[in-house]
Amino acid sequence: KMAALVRHFCRYKVILYKAPQINQAFVPFILQGCRMYAGGRETAENRLSNKKRNILTMFTKLHTPCPLCEVAKEELKRFSEQVTIEECYIDVAGNEEWKRLYQYDIPVFHLNGKFLMKHKVDIGKLTAALALDL
């Protein structure tokens, strides 16, 4: 029965993330089952060598303290092997557009150039986005 469930989700994995009846914490495990069903287990080294590394950009401030940003940095340490974490300082010359967009919302996070979350790290959302991108 589980194999049938995994096959169903493999075909519709984009919809899987929007289905409210599925506990979002299980999504990465279901997708891991999809990869195993589709042709064997991948090692972390193979995945990293076969594709570009994910980039998580955190928009923050350089010249003003940001306690939420410090908390976010600590929470993101556990993802250091899965993503490259970059900081973009919105209060530096040349980043006026980012400041206009995010000055009241930092920290803001983009994964591979696309908005992901703001104000705090949502572990479930980040894990799900990384699982979709694998």
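Helices (H or I, at least four residues) and strands (E, at least two) are DSSP runs, numbered from the N terminus. This is a predicted model, in which local features need pLDDT of at least 70, side-chain atom pairs count only at pLDDT 80 or more, and totals for chains, interfaces and linings use all residues. Residues are numbered from 1 along each chain as its sequence is written, and side-chain values use heavy atoms, with hydrogens and water left out.

1. Have a look at helix α5, residues 67-76, where Cys 69, Ala 72 and Leu 76 are buried (under 20% relative accessible area, with exposed over 50% and partly exposed in between; 1.4 Å probe, protein chains only). Seen down the axis of α5, these buried residues fall within an arc of 60 degrees, so they line one face of the helix. The arc is that of the directions from the helix axis to the C-beta atoms. On the face turned away from the buried side of α5 sit the exposed residues Pro 67 and Glu 74.

2. Now for the backbone. Most residues other than glycine have a negative phi, and most peptide bonds are trans. Ile 106 and Pro 107 are joined by a cis peptide bond, with omega about 0 degrees. Pro 107 lies in the loop between α6 (96-102) and β3 (108-111).

3. Asn 112, in the loop between β3 and β4 (114-118), has a positive phi near 55 degrees. Asn 112 is partly exposed, at 28% relative accessible area.

4. His 119 is not a glycine, yet its phi is positive, about 75 degrees. You will find His 119 in the loop between β4 and α7 (123-133), partly exposed with a relative accessible area of 35%.
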